[in-house]
Amino acid sequence: MFIEQTVNEGMKISSNESDGVPPFSLTLSQRGLKLNREKTNTLQVNVGLLCNQTCRHCHLSAGPGHKENMEAEIVNEVISYAQRGQFETIDITGGAPELNPNIGKLIEEVFPLASKIMLRSNLSALNDGKRDHLINLLKSFRVVIVASFPSLNELQADSQRGSGIFQISIDALRKLNDIGYGRDESGLEINLVSNPTGAFLPPPQVGMEKRFRSVLKEKWGIVFNNLYNFANVPLGRFRHWLKKSGNFHKYMERLYSSFNPCAVDGVMCRTLVSVSWDGYLYDCDFNLARGIFMGGRKIHVSEMPGPPEPDSHIATSDHCYTCTAGVGFT
Amino acid sequence: METYYKPEDLPKFEEIGKDAPELAKKFFDYYGDVFAEGELTEREKSLIALAVAHAVQCPYCIDAYTQTCLEKGSNIAEMTEAIHVAVAIRGGASLVHGVQMRNVAEKLSM
């Protein structure tokens, strides 16, 4: 298949890497489906690829040593865009966003501009002993924490995220519970994200959330608000692992064969715009990882008068099958 | 190397209905109903299936139900314990026949 949109050359992937799976756009058109924007209510801010972990499922190949980190000038551009865009939700991600020196300023200044601020955390960066000020800031501004927690099994979790990370995550969740996160009536929300620890799809969410709630409470006294099960996106380090382990084609076929037309209505790119550390806009964080600009056109956040127009085109590629597999991906 | 078991044969399972479609339909309908959520969850049923797959030593079933167990949310520790249940029953079934051996031996012995 060929990627026809304008792509960021540095992130480009060979165009015929997913042989055997029809182009996503063809699958949509064969079913009479269109993937266009609705009202865009979420601004996702990817503050950079710097991370303290090197997770094997990371679609951005984030890790230590990355220089891509949003600088103060771009942070100011993003804050101005949040003012112009009147988004309902600001969703801050990375890398490990905790490691960006401008993260406090970003949170403080977007807080009055949106009804919900979310921070995606790997937990270990947040609880590295140097972020007490940030933790207090998150609490003060009632920032929703979306925390990675892939498995109740320590060996499988560490295999995906790094040795010792499971126990560090448990300690971090306890600390966040201690200051009120996940507790009834605290107004402090913490949601867990579980990704499969390999080349298979995630389990049904309802049953899994029940098990996580029961086991985390019983074994460690941990509480949380919601669990989200997301499939791994075949990009970045995960794509590399799929190929190296001989799982790539089977995984792509699995995603394709699990295509659910009903999930197309609910995919996040219909209502989200993603801005990268250098200020360019994408339809989602996965297109950002792949270097496919928003709607296939390279636009800087400083050039955008407001949210993308409803009904505007969304750029797609083979990784989009991840968001339409089974019940979908939000 | 040629082998009787080929992974690419597993998706061909439905072809078994070509020359006996009514029986195949009954089997596959029944099969689907068995694994649907009931008093046991789909996750629990897939763990039982994985254990039985090892007891009957079916490579197709082991392949299929390893993936199913993972996708139903079981972890490798749980799956390994399930296999030990099958092993215990298989081992126990052999060992309990030792009682017959002892009965026969006692009858024959002075």
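**Loops, helices and a core**

Author: A:G95 is placed in the loop between β2 and α3 of chain A. Please keep in mind that this is a predicted model.

Reader: What kind of peptide bond joins A:G94 and A:G95, and what is its omega?

Author: A cis peptide bond joins these two glycines, with omega at about 25°.

Reader: What makes the phi of A:Q86 worth a mention?

Author: A:Q86 has a phi near 50°, and that is a positive value in a residue other than glycine. You will find A:Q86 in the loop between α2 and β2 of chain A.

Reader: Where does A:E185 lie, and what is its phi?

Author: A:E185 lies in the loop between α6 (165-178) and β5 (190-194) of chain A. Its phi is near 65°, again a positive value in a residue other than glycine. With 6 other C-beta atoms within 10 Å, A:E185 is exposed, since the cut-off is 12 or fewer.

Reader: Which residues of helix α3 (residues 103-110) of chain A are buried?

Author: A:I103, A:L106, A:I107 and A:V110 are buried there. To be called that, a residue needs 20 or more other C-beta atoms within 10 Å of its own.

Reader: How do you know which side of α3(A) they are on?

Author: Look at their directions from the helix axis. They cover an arc of only 95° around that axis, so they are on the same side of α3(A).

Reader: Why is a set of residues called a nonpolar core?

Author: Its members are buried residues of the nonpolar kinds, joined through C-beta atoms within 7 Å. The largest such core here has 93 residues, and A:V45, A:V78, A:I90 and A:I145 have the most contacts inside it. Helix α6(A) gives the most to this core, with six residues. In soluble globular proteins, nonpolar side chains tend to be buried together.

Reader: Which residues is A:I90 in contact with, leaving aside its neighbours within four places in sequence?

Author: They are A:L43, A:V45, A:A82, A:V110, A:A114 and A:I117. One of them, A:V110, is also among the buried residues of α3(A).

Reader: How does the radius of gyration of chain B compare with that of a compact globule of 110 residues?

Author: The globule would have a radius near 13 Å, whereas chain B has 19 Å. The C-alpha trace of chain B spans about 60 × 40 × 35 Å along its principal axes. Buried residues make up 15% of the chain's 110 residues.

Reader: What is chain B built from?

Author: Five helices and zero strands, giving the order α-α-α-α-α from the N terminus on.

Reader: How many residues of each chain take part in the contact between chain A and chain B?

Author: Chain B brings 10 residues and chain A brings 12. On the side of chain B that touches chain A, α3 (59-71) and α4 (76-96) of chain B each supply at least two residues, and α3(B) gives the most, with three. By class, that side has three nonpolar, four polar and three charged residues.

Terms used:
Residues numbered from 1 in each chain as written. Chains lettered and ligands numbered in written order. Predicted model: local features only at pLDDT ≥ 70, side-chain atom pairs only at ≥ 80, totals over all residues. Contact = placed C-beta atoms within 7 Å. Helix = DSSP H or I, 4+ residues; strand = E, 2+ residues; numbered from the N terminus. Nonpolar A, V, L, I, M, F, W, Y, C, P; charged D, E, K, R; others polar. Rg over C-alpha atoms; globule rule 2.2 N^0.38 Å.
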